Amino acid sequence: MEKLSWTALEYEDKERSRDWFWALGVIVFTASATAIIFGNYFLAALIVIGGGLLGLLAKKKPGRV
């Protein structure tokens, strides 16, 4: 029996503009500031970490699998 193989990208690559990253920063800042105002520091930390990871993953190019 013949073995099948192929390659593909991990995910579809989309170009993100500078405005997208600015919007992400504004949303993360306002959401974390609101969480701090309400005294929920853990949620604020989660929002900052999640926003940072989202920004890093948005800049990453997909690999071939």
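Over which ring does the charged end of Arg16 sit?

1. The charged end of Arg16 sits over the ring of Trp20, 4.8 Å from the ring centre. A charge counts as over a ring if NZ of Lys or CZ of Arg is within 6 Å of the ring centre and within 35 degrees of the ring normal. Lys59 also meets this description, lying over the face of Phe21 at 5.6 Å from the ring centre.

2. A note on the source. This is a predicted model, in which local features need pLDDT of at least 70 and side-chain atom pairs count only at pLDDT 80 or more, while totals for chains, interfaces and linings use all residues. Residues are numbered from 1 along each chain as its sequence is written, and side-chain values use heavy atoms, with hydrogens and water left out.

3. Rings of Phe, Tyr and Trp (its six-membered ring) pair if their centres lie within 6.5 Å; planes under 30 degrees apart are stacked, over 60 edge-to-face, and the rest tilted. The count by this rule is one aromatic pair. Trp20 and Phe21 form it, edge-to-face, with 5.0 Å centre to centre and 85° between the planes.

4. Trp20 is partly exposed because its relative accessibility is 28%. Phe21 is partly exposed too, at 26%. The classes are buried under 20% relative accessible area, exposed over 50%, and partly exposed in between (1.4 Å probe, protein chains only).

5. Ser32 belongs to helix α1, residues 18-37. With 8% relative accessibility, Ser32 counts as buried. Its side chain has a polar atom 2.9 Å from the backbone oxygen of Val28 and reaches the backbone oxygen of Phe29 at 3.1 Å. Leaving aside residues up to four places away in sequence, Ser32 touches Ala44, Ile47 and Val48; contact means heavy atoms within 4.5 Å.

6. On the chain as a whole, the secondary structure is two helices and zero strands. These are DSSP runs numbered from the N terminus (helices H or I, at least four residues; strands E, at least two). Of the 65 residues, 14% count as buried. Among contacts between residues at least 6 apart in sequence, 75% join residues at least 24 apart.

7. The radius of gyration of the chain is 18 Å, whereas a compact globule of 65 residues would have one near 11 Å. That radius is taken over C-alpha atoms, and the globule rule is 2.2 Å times the number of residues to the power 0.38. Along the principal axes, the C-alpha atoms fill a box of roughly 65 × 25 × 10 Å.

Conventions:
Polar contact = N/O pair within 3.5 Å; in protein donor to acceptor, adjacent residues only side chain to side chain.
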